[in-house]
Amino acid sequence: MYQLKNIFATWRGIIGVGAFIGIFAPLLQKWGNPGNMGICVACFERDIAGAIGLHRAEVVQYMRPEIIGFVLGSLIAAYIFKEFRPRAGSAPIVRFVLGAFAMIGALVFLGCPWRALLRFSAGDGNAIFGLLGLIAGIWIGTRFLKSGYNLGRTEKTYTSVGWLLPLTMLGFFILMLIFPQIQGEAKSGILFYSVKGPGSMHAPLIVSLLLGLCIGFIAQRSRFCTMGAFRDLILFRQAHLFSGLAALALFAFLTNLIVGQFHPGFASQPVAHTMSLWNFGGMVLAGQAFCLAGGCPGRQLFLAGEGDGDAAVFVLGMIVGAGFSHNFGMASSPKGVGPHGIAAVIIGLLVCLFIGFTMRKK
Amino acid sequence: MTTTVDARGFSCPQPVLMTLDEIKKADKGEIVILVDTDTSKENVSRAATSQGWQVKDVLEEGGRYRIIISKE
């Protein structure tokens, strides 16, 4: 009988990867990253959007090396294990729009699914509403999947197509070296750097980059995905990916406890607001968009690293979505939702429903 | 009789959904599933096993996989 050869794709493998992220994300926070934001794919892509000036929210501008590491780590793993498969052509415009609205929803809650788990494991009760919203959004997505929704087949394509997002990330990293952060300065060459707020808080560049590379590598091997975790549980009653997510939450909780970062409560949690309905609503939108696009924001980065040009378009959609989000007052702040955040969530949900209902094949 | 599910070009969960549809229809026998990523190969194999089917063989053909599952 055929046996799986990839040890990371086993139960132990996926749990090990979840545990690794669960331990090192809170440590990244200890080493300088913002509160309960050791790793947040949405927030960090938003910071990258700020660093290149797509939005001018001064407190969230930094070229996050973790994101660069995720893509390049996945690329390295894909090449070593001969899994680099350049492919594209499965409804890229839809993926771009889903990426943009996923980001808009995530920034109403203030975090991607990874950060929702990290916030929860550090005692932030508001994250419970975000996680419930995420599950609700994914549940809606699974109804569409069950009724025949899909974005169509990808085509095998030129190797260079698969290289474009990794090269973009490499370019971002080179920009960081050419225009390094100058203490107390809001700009270095063409790059923006926050001097206060979450964007000014970061672990040392080399630590962030190396951990990003490690996580990118093992996540590519294990197919770690927080959206897939709930989706597979709902669709197939299958807990494989979920066990990785549970390990992340458990180990993050233990690490937070050990390093003194566990502070249970609802009020005054770092980079969070207490408007429960919109913590929920923002993540219903994000969860549905992730489900319709086939992966959480982290997974989209890992897929892009292994040559998936459509996942790369989703990533670009998220980065551009962050620009819209802050430029149009749709992103939340610790004070609460932005002036147009609620309208954005409603419009986003309608767009997702439109996509879900109209792209079904039976 | 062997049925073939062509899930090439689809990313998960489509290959798994397509396989499970066929498993429901077939009840027993042999099914061949064509996929083109390692993730789909692993997911389809895992889903088939969880349904009490056996993964008899996985053949690689130019970066694509032919997964043969069966149930007596």
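Chain B has an average pLDDT of 93, and 100% of its residues score at least 70; pLDDT is the predictor's confidence in each residue, on a scale from 0 to 100. For the complex, the predictor gives an ipTM of 0.93 and a pTM of 0.97. This is a predicted model, in which local features need pLDDT of at least 70 and side-chain atom pairs count only at pLDDT 80 or more, while totals for chains, interfaces and linings use all residues. Residues are numbered from 1 along each chain as its sequence is written, with chains lettered from A and ligands numbered from 1 in the order in which they are written.

Chain B is built from two helices and four strands, running β-α-β-α-β-β from the N terminus on. (Helices, H or I with at least four residues, and strands, E with at least two, are DSSP runs numbered from the N terminus.) The radius of gyration of chain B, 11 Å, is close to the 11 Å that the globule rule gives for 72 residues, so chain B is as compact as a globular protein of that length. Here the radius is taken over C-alpha atoms, and the rule is 2.2 Å times the number of residues to the power 0.38. Along its principal axes, the C-alpha trace of chain B spans about 30 × 20 × 20 Å.

Where chains A and B meet, 19 residues of chain A and 24 residues of chain B take part in the contact; two residues are in contact if their C-beta atoms, placed from the backbone, lie within 7 Å. Helix H9 (residues 226-236) of chain A supplies the largest share of chain A's side, three residues. That side of chain A has seven nonpolar, six polar and six charged residues. In this grouping, Ala, Val, Leu, Ile, Met, Phe, Trp, Tyr, Cys and Pro count as nonpolar, Asp, Glu, Lys and Arg as charged, and the others, Gly among them, as polar.

Over in chain A, A:Phe302 sits in helix H12 (residues 297-305). A:Phe302 is buried, with 31 other C-beta atoms within 10 Å; the label buried calls for 20 or more such atoms, exposed for 12 or fewer, and partly exposed falls in between, with C-beta atoms placed from the backbone. Leaving aside residues up to four places away in sequence, A:Phe302 touches A:Phe70, A:Ser74, A:Gly216, A:Ala219 and A:Gln220. The C-alpha atoms of A:Phe302 and A:Phe217 are separated by 8.4 Å, although these residues are 85 residues apart along the chain.
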